[in-house]
Amino acid sequence: MSLCSDRSDIIEEEKVLEDLTSNVKQIQDNVLEEILTLNANTEYLRRFLHGSSDKELFKKNVPMSTYEDVRPFIQRVANGEPFDVISGKPITRFLLSSGTSGGKRKMFPCNNKYLENLNSSTIIARSHIDGLEHGKGMEFNFCTPENTISSGLPASAATTSFFKSDYFKNRPSYWHWSYTSPDEVILCSDNKQSLYCHLLCGIVQRDEVVKVGAAFVSILVRAIIFLEKFWKEICTNIRSGSLSMWIADISCRDSVSKILGAANPELADLIENECNQKSWEGIIPRLWPKTKFIESIATGQMAQHIPTLEFYSNKLPLISSSYVSSETMFGINMNPLCKLEDISYTFMPNLSYFEFLLVDGGKKIEIVDLVDVKLGCYYEPLVTNHSGLHRYKMSDILKVTGFYNSAPQFRFVRRDNLALSVHLEITTDEELLNAVGRAKMILESSNLMLMDFTSYADISIVRGHYVLYWEPKAKYNNDVAEIDNKVLVDCCYVVEESLNNFYREFRGKDGSIGALEIRVVQQGTFDALMEFFITQGASSTQYKTPICIKSSEALAMLEKKVRARFFTDKSLLLE
Ligand code: AMP
C-alpha cells in the first residue's frame, strides 16, 4: 500500500475500479474463457470436458469440488508429476492455508496470477482519509520459513509467498518509504525478532506514523501484548542507541540499527512515561499520536478481537479492507469508513471465476453466476481459479448486502463448519462467537477483558459438555486478573442461554448435554497456544486462534494452564 502516492495514482486506481465493477458480466465471461482455454487439457478437466473449453459444457459437466476431490491431483504435482495434471499454467509454488482437512493443512497450487491478483488489491483508504501523503504505515507483516516439497517447489503461507515475491520486491517506488519497518524485518523468518523490530522501528518513527496495520486484528492485539512485555527493553535500546544482542538476524540487525540511530534519551523517557501508566487504554494513539486509522481484517472470526483493539486504540477508525484466501482474492471494501457491522466486500470480477451456491435454511440448492446473486440471500462461493481449482466449494457463507455498480457486495457471515457438537446439536462458529460476545459484556462490567478464547466438546463422559478456555485480563492495570466467582458463573449461563434452540432443548428438558464449563487460564496462555501451532507449521501472519480445538496436544497444553473452573448454577431455567 502506498501512503505517499500523489492524487493521480488515486484517480487512476479509482478509474480501474469503476471499470471493473461496471462490466462484471463481460469480465467474468472472459475470465472463464481464459481459464478453460488454458486448462481444457489438464488431466483433471479432461475427465469432464474431453478437451473442450465450452463454457456451457463446463457448467453442465464439471462438478462442484471439495478439498478431498482435488487433493490427489494436487498431491501428485507436489510429488513431482507435471503441472498439467491439474493446471495449464506452470505451478510455481504451493500455498498452505489456515484450513485443515483430516488434521492436515490444506495445500493449494499457485502461480504468478495469484500474486498478481494480491498485488492488484487496490487499497482505497487513501481516497477516504486526508493527510496520508507524507506519513508512514507501521505494519505487522511477517514471513514464516518456506518448506521445500518433493517436487522441489516451495510451500508457504500466501502472505509469505507475496512478501518473498518480486511483486513485493519490485513494488512501485512510492511504496519504499511507506513502511516504518525495512523489508529485512518482514523477511526475517524469526517472528519474535521481527515483531520486536517492527515495534522498535515504529516507536523511533512515531511522529510519522499515520496508519497501523496487520493482516488480521488478532495480530495487532498480540503486537500490543508483546509490547507490554518488551517496552522496557525497547526503551533501553533507544536510550543507548544500541540494539539488543538477541536480534541476531544479520540483515534485520543492520537495517534496524540504522533506523535506531544515535542514543535518544528524550524519546526513551517519553515512551517510558506512557508505558508506565497503570492502564494501557488508548495506548496506540498515545504512542503514535498521528495515527489516523487502523487497517486489518476485522470480520468473521476476527470480530471477537475488536473490543480489545478498540480499548487499545481509543476506537480509531478500523478499516477491514479485503476478503482473501489461499484459493483466491475475492474483493475489497469500497466503503472503508463504514460502521463495523456494515462491512461488506465488493467482488472484483477479474480475480477468478465466481459462482454461488444458494444456501436456504441450511440446504444448498442452486448455483448462480456472480451477476445473478440476489440482495439479502445467503451463498457459498464456488471458485474457479487460474491454478487448477474448478467450482471449488469455499465453505464460507456470505450474504448479499448491495451492489457497487454491477458488482455484488457481500457480508462475511461465517465459515460453514460446525464448531461444537456433543449430541445431535450443531453449534456453528458464529453462534459460539455471538454467545461469548454476550457473556463478554458481563466480564467487561466487572472491568475484565477477554483476551482470547477457544473451546472443545468434551465427550469423554456420557453427558458430554462444552468447555470454553478463557483468558481474562484486568482492564485498568497489568496485574493478574482477579476472578469473581459469581461473574464467571453468570457468564456460563449467558453463553448457554445464547446458544441455539437445539442446544437448549438437549441441555434443558432432554438433559443429553451437560452444563457448559468455563476454564479460566493463566495470562499468556493464548500466546503459548499460538507458538504451539506455529511449531506445527501454522503461519504467524495468518494465524487465527481456532474457535474449537481438536488437537489433543494443544488441549493438554491448555489444561496445564487452567487456574479455575466454573459451571452455571441455573440450568433449570433453560427451556
Ligand atoms: P487462508 O487460506 O488461511 O488465508 O484463510 C482464508 C479464510 O480466512 C477464508 O476462507 C475466510 O474464512 C477467512 N477470511 C479471509 N478474509 C476474511 C475476511 N475479510 N473476513 C472474514 N473472514 C475472512
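Select Ser326 and the ligand: a polar side-chain atom of Ser326 sits 2.6 Å from an oxygen atom of the ligand. That is a polar contact, meaning a pair of N or O atoms within 3.5 Å. Keep in mind that this is a predicted model, where local features need pLDDT of at least 70, side-chain atom pairs count only at pLDDT 80 or more, and totals for chains, interfaces and linings use all residues. Residues are numbered from 1 along each chain as its sequence is written, and side-chain values use heavy atoms, leaving out hydrogens and water.

Now show the backbone of Ser322: one of its N or O atoms is 2.8 Å from a nitrogen atom of the ligand. How many residues surround the ligand? There are 17, and the closest are Ser98, Thr299, Ser322, Ser326 and Asp396; to be counted, a residue needs a heavy atom within 4 Å.

Next stop: helices. Two packed helices are described by the angle between their axes and the distance between the axes. The helices here are DSSP runs (H or I, at least four residues), numbered from the N terminus. Their axes are lines fitted to C-alpha atoms over the stretch in contact, with angles from 0 to 180 degrees between N-to-C directions.

Select residues 191–204 (α11) and 250–260 (α13): their axes come within 9 Å and cross at roughly 20 degrees. That makes α11 roughly parallel to α13 (the angle is under 35 degrees; over 145 would be roughly antiparallel). Color Cys197, Leu200, Cys201 and Val204 in α11, which meet Cys252, Val256, Ile259 and Leu260 in α13; meeting means heavy atoms within 4.5 Å. In this contact, eight residues are nonpolar, with no polar and no charged ones (Ala, Val, Leu, Ile, Met, Phe, Trp, Tyr, Cys and Pro count as nonpolar, Asp, Glu, Lys and Arg as charged, and the others, Gly among them, as polar).

Last, pick α17 (residues 429–445) and α18 (residues 485–498), which pack at about 155 degrees with axes 8 Å apart. That makes α17 roughly antiparallel to α18. Their contact has 10 nonpolar residues, one polar and three charged.

Conventions: Helices (H or I, at least four residues) and strands (E, at least two) are DSSP runs, numbered from the N terminus. Angles under 35 degrees count as roughly parallel, over 145 as roughly antiparallel, 65 to 115 as roughly perpendicular and the rest as oblique. A polar contact is a pair of N or O atoms within 3.5 Å; within protein, one must be able to donate a hydrogen and the other to accept it, and residues adjacent in sequence count only if both atoms are side-chain atoms.
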